[in-house]
Amino acid sequence: MDKGLTLRDVRISKNGTPMVALDRHIAPGQVLSVMGPSGVGKSTLLSFVTGTLPPVFTATGRVLLDGRDVTDVAPHQRMIGILFQDDLLFPHLSVGENLAFGLRPGGSRNQRRAKVDAALAEVDLEGFADRDPATLSGGQKARVALIRMLLSDPCALLLDEAFSRLDAALRAQVRDLVFARARDRDLPVLMVTHDAEDAAAAGGAVVTLG
Amino acid sequence: MPGRIVTRRRLLPVLPALTLVAMLGPVVAGLYGTVLPAFGHLPAAGLTGPSLEAMRGLFDWPGLPRAVTLSLTTGITTTAIALAIVMGLVAGWSGTAAFRVLERALSPLLSVPHAAAAFGLAFLIAPSGWVARATSPWLTGWDRPPDLLIVQDTWGLTMTAGLVIKEIPFLLLMTLAALGQTDAVRARTIAASLGYGRVTGWLKCVFPRVYAQIRLPVYVVLAYGMSVVDVAVILGPNTPPPLSVQIVRWMGEPDFAARLLANAGALLQLALVIAALGVWRLAERIVAWAGRRWIVAGRRFCGDRTIAAAALGLSATAAFAIAGGIAVLVVWSFAGFWGFPDAMPDALTLKNWMRHAAGLGDALTQTAVIAISVTAAALVLTIGCLEAEHRHGLRMTRRGMWLLYLPLIIPQTAFLPGLQTLLLNAGADTGRAPVMLAHLVFVLPYVYLSLADPFRAWDVRNATVAAALGASPDRVLWRVRLPILLRPLLTATAIGLSVSVGQYLPTLLIGGGRVSTLTTEAVALASGGDRRAIATYGLMQTAAALVPFALALGIPALIWRNRKGLQHG
């Protein structure tokens, strides 16, 4: 039925105190920006959507992805990608291995390697496959984190203050790249941010919490 | 696929319970096995209690008052001195270059087994030791060893010194771990800006918080000092020996009456440790009350320089005593004829090593098989517990921490005799497998304590990202979490191995004297006085504990040499 990401009557509370309430549908290719000061429960909302809500919180409501109810599905089977403010590239793996970790299983060694190389080329990082992620610049790390997530073929994208660690010039650039890629693939995007500029750049609906 | 997940869910939450059983089962069983014979119930010998025969026998032993006094004085003095030195050191020097040097020496000093450190100290300060040789005859005028009772002195002073030098690195490590959680740097800065001296400011602002964190390790030191056997055999007085040594002697005698005495003694040992912990707790209250008055009085300096200098001097002395002890063991192990007062032997030879090669080889194999199996089991249980905590939120409470420390606080001499008696009554053979289970009791807490903090400190957003990329919880554990945590994993492994290598009493009692490790062989040589044999076994024991630490440092550096993000983790 409905394509896109639906949060149906989601309510999250901590020790009985209500924190977040949201009832929204995000169509494919659209961005919903959730704004509000820190500590208001924006990241908690995302952890409910990824299925990693810490036990101190209780939540009601459903998460539907392309009409499929994923509320009780294990996090790794939800097909929902997420980007945090830190790149979180795995420090023990090379750039190429990080991407191969994200790439869905299947295909020969060479085919997989070719896909990784093509994905790197797509974001102007040809030949970076054997690099140590710790030696990359902030903008390069952000791009690797983005394509690692895209290689896992997600059906929706979550952004948890994803651009707040980048300096102003880089920020606009990475932000445009992320939104462009999400539109290309028709992904519904749920973004939490405390920066009005992020929301303006996203161009979609804005919800303010707190 | 869903079926598999269900079985995993069933297996993983069982591990914390299994860990508790492995850790506390033998302790509880051992205490039970001690109480029965202590009150005259030993069916294997045709004795059915309850009777007060054994207790009466114990209190009739003429050596008892002295043995009890020794147990109390060595335990309490060791703890007080080691704690004072470590607190003074951290107060006066943390954050300085001198402190970083000591910090670097910490791991190797910590991993030197107690027995080897005790032998080293004996070889240094005995009348014919290295210190006397180096200063004779030009300074002392001695051309033969003076007739002084330094090692095994009646008051247990040398034994206390031997314990202090080994407990300083332990308490220092625990303090450093605690400092990270106490906001110490900022507290010290505030105190300094209010005009407080380095040491006074630290003692008034940081010490109360740090002590709350290291209280359980301090109790471990106290209980250990009161009931240690191997160090007491090597450095402690003989007639009478401390209570713990006498218990082991009784256990070694063939007749049943002595066994009853041993179990009665074990019960008394437990009571003594509990009483000492009570006294210590009371002293904590008094110090807290006095400290509060001292804090509000507002004095900015209190012998800061003196305290700092004394603490640094004493800890450096302790470090040199361990390092020098190992050095003198090395010299003795290669020594040909070495007359007094020569500072070095006439000739260096490989003969000692060749003479003991076969025995050393056998003992090393036995030691390694036990240590590796036990550490592997401890790692599986620990990782299982921590992963269950991560996946299912089965978090350990404050009471859980107590359980973790319980096997380290209840004296070994209190429950191991009972455990041996139980095993014999049940017809179970003593031997290697029971020894491994007994080692696990002591290895598990240390492996858990060393791994738990880094495991929990790991950024769980890594797991969220990996799961969002489609990785199952098992894949996250094996492919992401454990590789990133390689360094703390290997450190925990090294700690586990060195704890197992150093175990004396469990190996001796539960092995029924038939499981010979480097430690039991080395301690057995103590009474013989063959310095060359002692040196080879002591060094081998040290190497068995030290080499894993070197590997734990070297392996991650090698594997992650091209991974900048993991080089200083």
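Visitor: Which residues does B:V86 touch, not counting residues up to four places away in sequence?
Guide: Two residues are in contact if their C-beta atoms, placed from the backbone, lie within 7 Å. By that test B:V86 touches B:I168, B:L171, B:L172 and B:T175, leaving out residues up to four places away in sequence. Keep in mind that this is a predicted model, where local features need pLDDT of at least 70, side-chain atom pairs count only at pLDDT 80 or more, and totals for chains, interfaces and linings use all residues. Residues are numbered from 1 along each chain as its sequence is written, while chains are lettered from A and ligands numbered from 1 in the order in which they are written.

Visitor: Which residues touch the most other members of the largest nonpolar core?
Guide: A nonpolar core is a set of buried Ala, Val, Leu, Ile, Met, Phe, Trp, Tyr and Cys residues joined through C-beta atoms within 7 Å. Buried needs 20 or more other C-beta atoms within 10 Å of a residue's own, exposed is 12 or fewer, and partly exposed is in between, with C-beta atoms placed from the backbone. The largest core has 227 residues, and B:V86 and B:L121 touch the most other members. Helix α19 of chain B (residues 432-457) gives the most to this core, with 14 residues; helices (H or I, at least four residues) and strands (E, at least two) are DSSP runs, numbered from the N terminus.

Visitor: Why does this core lie between domain 1 and domain 2 of chain B?
Guide: Domain 1 (73-238 + 299-349) and domain 2 (350-561) of chain B both give residues to the core, so it lies between them. The bounds come from an automatic or database domain assignment.

Visitor: How do I read a helix pair?
Guide: Two packed helices are described by the angle between their axes and the distance between the axes. In chain B, α5 (residues 97-111) and α8 (residues 157-179) pack at about 130°, with axes 9 Å apart. B:L106, B:L109 and B:L110 in α5(B) meet B:P169, B:F170, B:L172 and B:L173 in α8(B).

Visitor: Where is A:L88, and is it buried or exposed?
Guide: A:L88 is in the loop between β6 and α2 of chain A. With 21 C-beta neighbours inside 10 Å, A:L88 counts as buried. Its phi is positive, about 55°, although A:L88 is not a glycine.

Conventions. Axes fitted to C-alpha atoms, helices over the stretch in contact; angles between N-to-C directions.
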